[in-house]
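Student: I want to see how labels follow from cut-offs. Can we go through some?

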Amino acid sequence: MKKYSQFIYKDWELDPSTKKLTLHYSLDDAFHFSETYEFNFNWIENYDPALLDAAIQTLFLLAGVSYYKTYLPPEIVISKGSVDKESAQFYEKTFQNGLGEFFYKNQLDPHTQIHFPYGESLKKIEDSSKNTGMLVAIGGGKDSLASIELLRKSSDKIATWSLGYRQALEPLTNVIGFPHFFVDRSIDQQLLELNKKDAYNGHVPISAIFASVGIIIAVLTGYQDVVVSNENSASDPTLTYQGKPINHQYSKSFEFEKDFQSHLDHIGIKHIRYYSLLRPFTELYISELFSSFGFEKYKHVFSSCNKCLKENRLAWCGSCAKCAFVFLILTPFVKREDLEQLFGGKNLLLDSSLDEMYENLLGIKGDKPLDCVGEVKESRAAMLLAQKIYPE
């Protein structure tokens, strides 16, 4: 593998006329990367440029993880923006914990230190914004839809937003019925080419990037709360590797949520709040809620299958860990024929090819799958309830 000495945060620019944000990174002077975000919706006229700069700087630094991980250069250089010691510690922690699965899959040391350079202090921002209302993130699955239905009768103004996958999500957002803000993201295609060659590849803390995009949308639209739908089990480690807990969902965890809100306060974005509405709830309880007031409404337009989402469609492959878990967790609450119809007539609990997957989910053997699935105890509770439906 080639070695590079520096990962450089080179620059970012926002073009208000095209509503396009471009982030620039490089590995030494050998590779130059550009990633774009298009915020193609109506912006409020009186948004605060200083708040917007601070929000973009956070996205700029967090989104760099996709390119930094390619060769893990020992030195990070920040050519645009300022970072103090406290914010540097936030980025270091997010990278190290959020790359835990990446270290595990590539058989690298999960204790590898990542150092962000920092100066003495940040430029002070006076957050005088008067934002109101809630921006609810939509990913296509039952959790965000449970949040939407819980909030539907709220007196606050509500809008929804998403990052990428516009074609797949548009039918769902139409059924939801609230104003929706689509953000289109384009990664640098060189990244895919390097992944085919000798670069390291693997999971990144993508929900941290999503969180940062949500804050930018809030600044541009005048909303106060960026609401996500991460349940209690997102804080549960997936496995332990070289003595370090590895959590596939680290950037969905309560620990990250608290750290991110503290980071926003620290850099001067004090009026905008980031939180998960479903944090106190288990997957089992969320499934019961969704089944009671959301399944019939959304059954033709929702999906949690990441494999199908990557193909830009909301559907169910019926063979991945997420599909297996969702089928199990909905079984106690959705009629058998309705659930089978959702999966194209297939009953995943009776599919012998998924036996090992269910053994992993239930903690019978192996580790819990590296996917956004619930805790072992939740899967076991769901299986006990399912046994009443499948007594054989």
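Tutor: Start with the lining of the second largest pocket: nine nonpolar, six polar and four charged residues. Asp, Glu, Lys and Arg count as charged, Ala, Val, Leu, Ile, Met, Phe, Trp, Tyr, Cys and Pro as nonpolar, and the others, Gly among them, as polar. The model is predicted: local features need pLDDT of at least 70, side-chain atom pairs 80 or more, while totals for chains, interfaces and linings use all residues. Residues are numbered from 1 along each chain, and side-chain values use heavy atoms, without hydrogens and water.

Student: Which element gives the most to the lining of the second largest pocket?

Tutor: H1, with six residues.

Student: Why is the pair of Phe 41 and Phe 181 called tilted?

Tutor: Rings of Phe, Tyr and Trp (its six-membered ring) pair if their centres lie within 6.5 Å; planes under 30 degrees apart are stacked, over 60 edge-to-face, the rest tilted. Here the centres are 4.9 Å apart and the planes at 55 degrees, so the pair is tilted. The two residues are 140 apart in the chain.

Student: What makes Phe 41 buried?

Tutor: Buried means under 20% relative accessible area, exposed over 50%, partly exposed in between (1.4 Å probe, protein chains only). Phe 41 has 7%, so the residue is buried. Phe 181, at 11%, is buried too.

Student: Why is the pair of Tyr 250 and Phe 256 edge-to-face?

Tutor: The planes are at 65 degrees and the centres 6.3 Å apart, so the pair is edge-to-face.

Notes: Helices (H or I, at least four residues) and strands (E, at least two) are DSSP runs, numbered from the N terminus.
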